[in-house]
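Thanks for coming. Please have the sequence and the model open.

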Amino acid sequence: MKILHVIPSIGPVRGGPSHAVLGMVKALRQSGIDTEIATTNDNGLDLLDVPVYQRTEYQGVPVWFLPRFSPPLKEFIFSAALTRWLWQHIPDYDIIHTHYLFSYPSTCAGLIARNQGIPYIVRIIGQLTPWALAQSRLKKQLYTSLIERHNLNRAAAIHCTSKAEVEDAHKFGIKTPAITLPLGVNNPINLPNAKPKIRHLYNLSPTTPIILLLARLHPVKRVDLLLNALKQLVTQNNDCHLIIAGSGETDYVNYLKNLVDSLGLTSRTSFAGFVSGEDKELLLQGSDIFVLPSFTENFGVAIAEAMAAGLPVIITPGVQIAPEIAQAKAGLVVEGEVDDLSNAIAQLLASPDLRNQLGENGKQLVSSRYSWSAIAQNLASVYAKIIEENKLY
């Protein structure tokens, strides 16, 4: 079988969805499935420095990059070149697997696949949660009525990463069969001296606990809530330091930095910017607690990466894998209020033993549930079944 994944962007600044599709395709190829990606050269406000109009090896997987129309309209990312490429090449594949809703490349791929009789799967990446639908609500309602609902209902399957995401699709009125497969994470490369190294890098005391938030910096992540909780912790004389790792729109990042100043947290907070590779592993393995109080997360790749590194996690119920984390006792799930978040962090700061136990449970959860190899095998079975069913028509 030959599979094409279509996503608006795999630029690093686009966060989890871009990271996840690269891991998924790599795992599928390692399982013997001929899989490629078609996308644009988008990287937020910038462009990726990659060849276009040709098959390119990018982070270990084959990618067709087509030029986007500039400037991008957030995640919509129009590309006439990608449209032409998809129209010409979609018949070369047995299944099209799209990632993202309310975005031109994914919607266009579904329309063309349907027109040419090629089955397609849609991964909805948390965009049918009530919070997500409330953002740019009128535009999404119009887009849904004109295109997206029909696209979803004519798909061969909807790819969800949690039971909650399946429920969101049903509430949205989607009748298409749903497959529930989580995303995966790679095993971390052990960095035995991560804790002293990260403290030396940020000029911290060897005994100061580090709280880590690693994410694309966006209002949905509620970094401001974490900063207000940190203010409360500091006022209560808790020794800790927050590292915020990730990039985002300049205005929002400046808002966060101004908030840090206004709360008097400059000496207690560091902005690491976008991190990857060993720098990212250093943060994950050198920190003591991972916190992500998002309004909503369909999965949260960074959360799974934190657990893989043995970090206890503190998350909110809007993270759709929160029930699994709570059941595995791999972290604390708290309401998105300053007091609740502050108390949860204080509880872990006061108990290294609890941190270690939650961290070990998290590593076991990732090993058993979020292995890319197992996910790829399950996905290959789904592809084979859809291809067989399509041959019957």
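Which residue in strand 6 is the bridge partner of arginine 55? The partner is tryptophan 64. Before going further, note that this is a predicted model.

That pair belongs to the contact between strand 5 and strand 6, residues 61–66, which run antiparallel and are joined by four bridges. Both strands sit in an open sheet of eight strands, in the order 5-6-2-1-7-8-9-10, and the pairing in this sheet is mixed. Its edges are strand 5, residues 55–58, and strand 10, residues 178–180; each has a single partner strand, so one side of each has no neighbour in the sheet. On average, neighbouring strands here are turned by 30° against each other, direction ignored.

As a reminder, strands of a sheet pair through backbone hydrogen bonds, either parallel or antiparallel.

Helix 3 lies across strand 1 (2–6), strand 2 (34–40), strand 7 (95–99) and strand 8 (120–123), and runs at about 160° to strand 7.

Is strand 11 enclosed or open to the outside? Five of its five residues are buried, so strand 11 is largely enclosed by the rest of the structure. Both of its faces are covered: Ile210, Leu212 and Leu214 are buried on one side, and Ile211 and Leu213 on the other.

Strand 11 pairs with strand 12 in the parallel sense over five bridges, and leucine 214 stands opposite alanine 245 in strand 12. With strand 14, strand 11 also pairs in the parallel sense, over two bridges. There, isoleucine 211 stands opposite isoleucine 289.

Strand 11, helix 8 and strand 12 form a right-handed β-α-β unit.

Next, helix 13, residues 338–349. With 12 residues at 1.5 Å a residue, helix 13 should span 16 Å, and its end C-alpha atoms are 16 Å apart, which agrees. Its buried residues are Leu341, Ser342, Ala344, Ile345, Ala346, Leu348 and Leu349. They pack against strand 11, helix 8 (223–235), strand 14 (289–292), strand 15 (313–315), strand 16 (331–333) and helix 14 (352–369).

Which residues have the most contacts inside the largest nonpolar core? They are Leu227, Phe290, Ile314 and Ile345, in a core of 90 residues. Helix 15, residues 372–391, gives the largest share of this core, nine residues. A second, separate core has 33 residues, including Phe102, Cys108, Ile124 and Leu128. In general, nonpolar side chains in soluble globular proteins tend to be buried together.

Last, isoleucine 314. Leaving aside neighbours within four places in sequence, isoleucine 314 is in contact with residues including Ile289, Phe290, Val291 and Leu292. Among its other contacts are Leu332 and Val334, and Leu341, Ala344, Ile345 and Leu348.

Notes: Residues numbered from 1 in each chain as written. Predicted model: local features only at pLDDT ≥ 70, side-chain atom pairs only at ≥ 80, totals over all residues. Heavy atoms only, no water. Expected span 1.5 Å × (residues − 1). Buried < 20%, exposed > 50% of the residue type's maximum accessible area, 1.4 Å probe, protein only. Contact = heavy atoms within 4.5 Å. Pairing = 2+ DSSP bridges. Right-handed = clockwise from strand over helix to strand, strands pointing away. Core = buried A, V, L, I, M, F, W, Y, C linked by side-chain atoms within 4.5 Å. Axes fitted to C-alpha atoms, helices over the stretch in contact; angles between N-to-C directions.
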